[in-house]
Every structure is written in C-alpha cells, then in structure tokens.
Amino acid sequence: MTAHHSILLKNIRQPDQHTLAGAESRGAYSTIKKALQIDPLKVIEEVKTSGIRGRGGAGFPTGMKWSFVPRNSGKPVYLINNADESEPGTFKDRLLLENDPHLIIEGMLIAAWALQSNWSCIYIRGEYGYPFSRAKKAIEEAYAKGYLGKNIFGSNFNHDMVIHRGAGAYICGEESALMESLEGKKGQPRMKPPFPAVSGLYQCPTVINNVETLANMPFIIENGGKAFLSIGVEKSSGTKLVSASGHINKPGVYEIDMGYPMKRFIEEECGGIWQGRKLKAVIPGGSSVNIMTAPEIEKVNMDYESLRLAGSSLGCAGFMVLDETTDMVEAVLNLAHFYAHESCGQCTPCREGGHWIEKIFTRISRGQGLPGDIPLIENVCAQIGGHTICAFGDTMILPYLSIIKKFPEEFKERIGEAIRGQVKPREYLNVVYDGAH
Amino acid sequence: MSGTNGTQTELVTLTIDGKVVRAAKGSTIIQAATAAGIEVPFYCYHPHLSIPANCRICQVKVKNAPKLMVACHTQVAEGMEVNTHHTSPEVQAAQAATLEFILINHPLDCTVCDQAGHCKLQDYHFEYNAKPSRFIENKVHKVKAEPLGPTVMLDGERCIMCTRCIRFCDEITETSEIGMLNRGDRSVITVNPKKPLDNALSGTVVDLCPVGALTHAKWRFNTRIWFTKQTDSICPGCSTGCNVKVAERDGEIVQVKARLNDKVNKEWLCDEGRYGFMRFLPKHRIVTPHIGGKAAELNAALLEASKLKGQAALVLVSPDLTLEEFSVLKNLVDKTLKGAQVALAYRERPLSKVEKILVSPDYAANFRGAEFAGLVSGNLEESYAAALQKLRSGAVQQLLLVGERSIPLPDQDPALIEGIKKAAVSVGILTDAGSAVAGALKVVLPGRSILEKSGLLVNRNLRLQYTDRVVPFPDGSEPEWRMLGRLAEKMGAKLTSAEDERALTLSYLSATKQLSGVTIRQIKADGVCLKSLNAATSTAGSQTGAAQWS
Amino acid sequence: MSIKLSDKAEARLKEKIALYPDPKSAAMWALYIAQEELGRLDDRAVEWTAERLNLSPVNVQELITFYTMYHKEQLGKYHVQICRTLSCAVRGSTKLTECVRKRFGTKPGQPSADGMWSYEEVECLGSCGTAPMCQINDHFFENLTPQKLTEILDRIEKEKPDLKLSTIDDRMGEGLKGYPKSQII
C-alpha cells in the first residue's frame, strides 16, 4: 500500500483519542496556544499560503474566504463548522467527529482567532446522534479545562462554542440554508449576494467551513502553510479524506495525498471490486457530480483539477463504486428519488422539475417508458440547471445527464421492452410504495 | 424640479435589449426595465416586499454572467448589458420552462376559477409559452377550498409558492399567520387553526396572489371578471385614500382590489374598506324630493329650502364630498348663508396595531379637501361635536345637511332627531330613504353617494387624488354640487356654470391658484402632493393635523 | 391557557436558549425536547414551542414538516429507519426493507398494533462505508444482512433495551453495550 501523509487520521485509531486527555497526550491544543501569539492576519496569510481549498465540495480557497470577512464592521463575526454531511456517499466528517473531536475544536479555535470570532457553532446533521454526543462531550471537556470560554490560554481571547443539531434535511448542508436553519427557520437557501462573509448568520459576517477543512488547521499552523502546500499537487494541496463505498472489498474512509491515481486507489486502498467482478462506473465526489465510466478513470488522478478536466468533480470525495452488475436505470432512479425528496420547495425549477424527473425515471424503471422520455429528461434538466436559487438544481442534474449519456443502451433497452410490451422481470434497487412519494 | 432634497441619487448607465437606460445605483434590473417601459414578467417580486427570487420567471441574460440572472434581485451596474425575453432566445426558453414547471401540478381549472381573466398565470402562459405541457405523470393533489380565515379561501393546488402572502403577513402586518408546510412539490401554504388569517388587512393577500389560489370568501364564484366594469378609484372609507380598482356588475360591487400606489397604500387595502364598500350605497334610495315627508316637485322643494337664512343656519357637511363640491358649498355659504356655522363630520377612533399600518383614525375621506377649500379649519372634531350638541339642545332653527355622512348614526341618537324636528327650516341633501334623519327633515333633496361621483379628494397626507364613479347613479339623484347650485339660484346666487363633473373639475383646477397647470391625467397617475405645491405658503397643522391654507 | 412541559424539559430548553445569540435559534431543540416528552409533535408541542420562543405557531408547523426527524404522528417505540440511498441500495438495502415490511406487516411510518415497532426508508444516513445499514431510534446498526437485522430485531424484542437514547441527554456517548458498534474505517 502507498504511504500517504497522515494529517487528519494520524490518531484516529487510538481508542482514547476522543477524550481530552487522550488527544492532549498526542499534542492536541498545543498549536492554538502558539497561534494565539500570532497576529490573526498572519494566520490567514498562512492559510492562504497552504493553498487549502474547502473540503465540503465546492473547493473554494479557504484563506480567501476568510479574508472576505470585513474587519471592525462593528458586528460580531460568527464561525460555523458545517457538519451537516448529507451528501450521499460521504461519511468522512462523521469519523472525525466520533473519534477525534478535539482536532476539530482546535481547528475551529484557530479559525476563530484568525477571524476574531467569539462565537462558533458546529451544525451537525440530526441523524448523527453518536458523533453529536462525542463532539458535545469534547466541547464540555474543553470548557472545563478552560480551552473554551473566557481568556483562553491566558490570552484576552474569548470564545464560545455550541453544537447545534439539525433534524433531517440535506439542503442544510448548503451554507445559506444552514444559516436559515440555525436561525430557527426552515433550511431554505438565501439569494446571494449578500454573501455570508458580509451578511450571514443574524445578518452578521459569517464564515462557514467544512469539518475536514477546519481539522487541517492545526497542521497548517503548526507546520506552516508551505509544509501543507508541499503535499499533494499544485492546485490541490494537502491530503483528502475519501469516503469509499459501494461495490468494493474494503469500504471506509481513507486519507490520500491529493493527486493520487484513482485506479490505484480502487485497487490498493479499496481492495478492488468485490466478488471478483469488474468495475462499471465511479461517482467520485458524492452523488452530485458527473459519473465516470471504467475507461474514463484509467488515467485520472484524484484532485480538484484532474477531475475537473476529466469532466467530473472531486466534490467532497464521496467515492461510490459501482460494479458491472449495477442496473443504471435503477441507480439513477435512486438518486432522482433522493433529490426530489430533498428539494426544499422554494424555487420553481427544482421544486417541480426534480419531481417530474423522478416520475419519468420511475416510469422507465417500471416498464412504462416512452420513446421521448430521454430527450425530455435532458431538456427538463437543462431548464433546471443554472436556473435555481442555490447549487442544488445545478448539481442534481449532473448524475442524471451523465448516466443517461454514458449508459444509453440500458435506457434504450428498458424503454424498448416497454414499447414491445415485453418487460423482463428484474430485481429492483428501489422500493416503490403505492402512491407514496 | 425644485424642492427635491439635497442628496443626489447616483445613476448608472446600462443597456436593456440594446436600449440605453439610466437607473439609480443600487436599484434592480426589474426596476430599471419597468421604468424604461420594458416588461419583465414576475410572480414573486413585489416592490414593497422582500425579494426571495423563487418564481424564476424574471430571469434575464446579463453579458459575461455565467448563467441567467433574476431581474428582481440583480442590481444594475455601470455598463451592464441586459437582454430580456424580447431579445434573448435563451431567456425565452427559460421563461417557457418556468411556466411549464409551474403548470405541471396546477389543476388547470380556469373554467371554474375566479382568477380567470385577471390571472398572471394565464396571461404569461399565453404570452410566453402557449405550448401544451409535456407532463403526463400524475399530478400532486393538495388541499382545496380551505378557509385561511374569515375572509380568505385557499386552493392549494393553484398555489405557485410565490410566498407573497406569507411575506405580507411577516413583513407588513407582522402577524405571521401564513406559513408553507412540507418541502419539494408537496409544499403547501396554511395557517395554524389557533391563529387564522384574521388581521385588519387580511384581504390584501388575495390582491397579492398572482394566481387563483387565494380568493375572497365573500366574492367567490360571484361572476366572471369579464362581465364586470372595472374602474380605478379611491376608497372613501377614511382619509388614507387607498387606490382601488372596483369591479361592478348590475349596480353591485362584486370585487374591490388594491391598486399599486407607492406613495399612498403601496398595494395594500384594509378589510373594512374593501369589504365595506357597499355601505356607501343605501338599500332604499331617495330619488325624489320630499317636503314634510311627502314627495314633491324639485322646484317646490328648492323653494321651500331657500327659506334658509344666513347667520342662524347650521351647515353640517359630509366628509366624503369631492373637493369641487366643498368649493361650491363654500361659495354658497359665502354668497347666501353669510355667517352660518359650518361643521364637517369629523370623528376619530382608536386603531389596532395592524390598522395603523394603513388606516387613518377618521371616517372622513376628504376632510383635507374641506380644509383646502377653506370651508372649515381649526379643530374639526371639537367643532363638529359642539355643532351636534347645539343641534341636540334644540337651539338650531336653520339646518342644512349636505351629504348622508353629515350626521353620524342618527338612529342611535334620538336627541339629534328631536333637535332636527325643532328647526324651523331643515334641509338635507341625502341618499338613504330609510334613515330617521330623512323623516325628521322638512325638506329632503336626493343626493348621490361618493361611489356615484367623480372628482377630487385630498388625503390625510395632502395628496390630491381622483376618485372615479364606480357604480351607476339612480335616476332622479343629483350630485350635491348641482343641487347646491340650484338651491343657490333660488336664493339669488350663481355658484358654477359647469355642466358636468368633468367640467366642474377642470374649472376648479383652473380657478385654483395653487393648482394651476395641474392636469386630471397627472392626478390620476399617482396623485399630486399639495405639500410640495404649497411648501412656501403652508404652515404647521392644528390639533387634528390640519394644515392652514392662506 | 399556556402549555407546560415537565420542569426538566423547561429547564433543558432554557439552557439551550442561553447558548445562542438569538433565542429563536433554539427552535429545533425545543422540538426535539417536546418530541421526546410528548412522543410526537402534536398541537401541544406547536403551542409550547411557539410560546417559549415567541414564534408564530405556523412557523413551528413549518419546521415540523420540513425536517424529517420531527414526527407529527406517534411512531413505534422502536423506529427502524433503513437507508435507501445509492451506496446502501447497491449493497442490498431493499432486502432489509422487505425484511421489516414482512416482519411488521405495516405501512411505512405506521406503528405496529402493539405500538412497539414502526419503520420507514430514509435517505443517506452517512454510513455508506458500512452499507447496508439502518438506524433504530438514535442508534446505527451497520453492515447488515436481512439475517443480521432479524437477529438484532429479535434481540431488541426480547431485551427491550433503552434505544431511545436521548441525544439531548448525552447518554449515548459510549454506545450500547453488546450491540454492534459503528466501525467505519
């Protein structure tokens, strides 16, 4: 197996790493102590130097995001740790929250110091009960030891941290929806501008970072931005947590250096395709990206630029592997059901179009496809993408369009069976309840 | 124009469909386009509500932007190049798609929908899409005919989730009765049964609803809108002077809608005004003159009425006459009833928090007009109370009532009726044959309701507006100004040579120094502010806030 | 008449409200607290939450119907939620659904006659590396097969463990003794 740098998962297997004592014995909170002696603007500079890009999916440079926050606006600055990890195929943040919460808290403290924020919040998805309790306990321990609260490490820096529990809504991972939810409302995305850095939570300057992004901060400040930059590849520095799932022998979370070849990742880290079967396709970035066929992944590397150039996206690296037996009609219906179910209902194209597409895919799956269905789906998708308030509409169409484009014969076959009135019996991936959504 | 305040608005120059447009910095594309006469369709946008940009039909192309932008939310910028559906096929496609999306779960029940004929869904569909839907799946079914409160009914399936009603109740009335449940295509608006939509402006949400989802409980299934005559007018309920559009059929008012006027009522209207419009039209009309309770010839009645004498007379005036009528009355008093005591029926009442957003505390639509005409001044409420007291005491020998609302709730004030009966000469130009006042007067002359007249009104904030006749008037009735003119003739004076209302208005405008150059068209547009016209001459108001006119 | 929950619930909510710059932010906590106390989010819960946080009742209803973890109707004492999204689906989650459907004979979201069980399919629970899986109340059961799930359900039926682990209480920090623990790496 290839030796990757271990920034995030270094201590993850230590059974007591989730406790303050355990984490501290391995160096936790030593970096924030030093950071508090550094000028906050210099901390931001260091983060900029590191080249780290947001690990939540969009890949926006973190240092730049921080530098958008106006200084001395007269309003408090809020820091939000986005732990709403709901992208299908993603479970990396859960691992950190469960097993190394102090790494996250320390990263948040560094960010808070850099941003001069006195209040932060971990917004964790409601389904993560166990990670919630671990992280909550860690916050309590940090408070008890004076690492949170007033005059942290004898400085005049005060910081309060809250863990907030979501209640089941994918869209709350979108940063403006998350803020709405945190304000006690439905998680419906806001129109931008204004951007959160200027007017976010309670109309105050707000920075929202992913768990993994923040967990990298202790390393960056401890070792310097340049050390981080030296890991990985040019425009994608550092390591990346990949949540590997699907038809592989060893699903799990892996920390890889950015730029690692995908084929090798599947063969070595993931232990190859299960049951001796062949690879059919990979959805590399969580479900909201273009699917890649087996031939397409032969030469591709796992970093932001390589995957973009290959026509897909690293996203949040929710790496879903599908073997040769996978029925793509069923796979795309599965995702269509997910997106229709999770559409917040606010803007027209996503609210109506998402469900429309799901209904067409359901029809095709159940042997009632029509000749014009595929062009219709393509057309409807084209009118959702780019026309919605948030990125949900833009991204939900990616798996639909790429799957019907890259596996056209499977759709043709299903629709053909329907037209001929000879629908083959098959095992469905999706349970369809009578009349239920 | 002089008189604008010092701060200069910064302008930017952009092009919309190739047309060069100047717009205020910070304004939006939709505002710039509308001002330039370029129509951009919209559902969720409202100039006086927050901007959720959820309907997506106002998308336009902005050069160098990676995707289409919503015109309601995107601010103008120097050098911006905008293309709307008039010039961009991409925008046309997006608009057609938005309409198709909106309609996939819509019941398409125009044939039984009250909104048909004035529905933005119909209008835009015909204008921007007009293609059969490609949607062949089952539609989502939602709640039908659910009352949201005493005044408003919801058809959940027609709702397009624009959230205008929700935002109105959140941002304007701050009562937050309406919410949207569920998510995705199962979204539906609703109220909590313990907190129904029951505020003083509740009917406004029906006006704001761009489709047929919200309808007036009172007016549902009344008539098709194309069978009605619709008139732009002013609500006479109080001195706010809300701009309204009134639909009339066979003499009945079948719907009242708020009209957008940024400077008066935005697009809001109170329920009392809206649903109470008919109260200005008494059931039993006075259509013939009466002397001593018996029908009489007009000439005889006028002769009898002309026995009114100057100094002893008390003239009580309804506050919902037109400005021109107040002017004619002033003329009559000056020429024939010199020294008479004139009192305008002005009363105030306490208002709820929501009412205060829009409603004025008076029942006196045009009291400012009476002040402007120089008919009354000072503390109107006190003078009126004193005048009524005098009438009750039996000390009034000569009485002239001008307009139905010159006396308040007479049936509940027997002393007033007794007072009227004691007068030697008592004349009223009235409309309600059923009132005790009409029975107590010596002479009754048929008048008209404000809903049957056209003319000028001045609102509480000194905005001159034009009220237009919304219902036909009954045969035999005369507007007060003309009746007053005839009466004056019997007393040897000539008040006006105008033949009809329009001529009266024009002659009033040209004869009034402060209004020289003001046209009816200008007044009809969104009113004319008398404050700015009289900035130099007016002084601070009295206790009722009335301005003094020099 | 204003609704009052137990002193403990009232105190919990107060504690939560104090954590935020704006009390309204505690709305989601209020619903969790009310749901735990009342078993479901009925009119009382709406009224209580609205009153405590100065919200319009309809805005509380909005939250209940927007977020999937709030329930207006009473669920079974044990609520089995089977993840149906892609990673679980390709590793056989429909078989788990079939298994519980047959076992309970009820419709999704409908409690069994004895009030013990209910089930539904849910979207991605963030446990794709240990697919297929299900969540019973607040506890994850991973790497399942219909057989394993049956064993777990049998055991729960017999032992009736307190799986209603209050995430507000923080009693679940150490997981549930003897039951499979999450292992995601």
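How many salt bridges are there between chain C and chain A? The count is 4, where a salt bridge is a side-chain nitrogen of Lys or Arg within 4 Å of a carboxyl oxygen of Asp or Glu. One such bridge joins Arg94(A) to Glu142(C), with 3.1 Å between the closest N and O atoms.

Before going on, a word on what you're looking at. This is a predicted model, in which local features need pLDDT of at least 70 and side-chain atom pairs count only at pLDDT 80 or more, while totals for chains, interfaces and linings use all residues. Residues are numbered from 1 along each chain as its sequence is written, chains are lettered from A and ligands numbered from 1 in the order in which they are written, and side-chain values use heavy atoms, leaving out hydrogens and water.

Back to where chains C and A meet. The contact (heavy atoms within 4.5 Å) takes in 54 residues of chain C and 73 residues of chain A. About 5,300 Å² is buried between the two, with carbon and sulfur atoms giving 59% of that; buried area here is the accessible area (1.4 Å probe) that two parts lose on being put together, summed over both.

Which pieces of chain C touch chain A? Helices α2 (27–38), α4 (57–66), α5 (86–89) and α6 (93–104) and strand β2 (117–122) of chain C are among the elements that each supply at least two residues. Helices (H or I, at least four residues) and strands (E, at least two) are DSSP runs, numbered from the N terminus.

Now for a sheet in chain A. Its 4 strands form an open sheet in the order β3-β2-β1-β4, with parallel pairing; two strands pair if DSSP finds at least two bridges between them. At the edges sit β3 (160–165) and β4 (206–210) of chain A, each pairing on one side only. Strand β1 (residues 78–83) of chain A is joined to β4(A) by 5 bridges, and Asn81(A) has Asn209(A) as its bridge partner in β4(A). The two chains come together here as well: α2(C) packs on this sheet, touching β2 (119–124) and β3 of chain A, and its direction makes about 55° with that of β3(A). Axes are lines fitted to C-alpha atoms, for helices over the stretch in contact, and angles run from 0 to 180 degrees between N-to-C directions.
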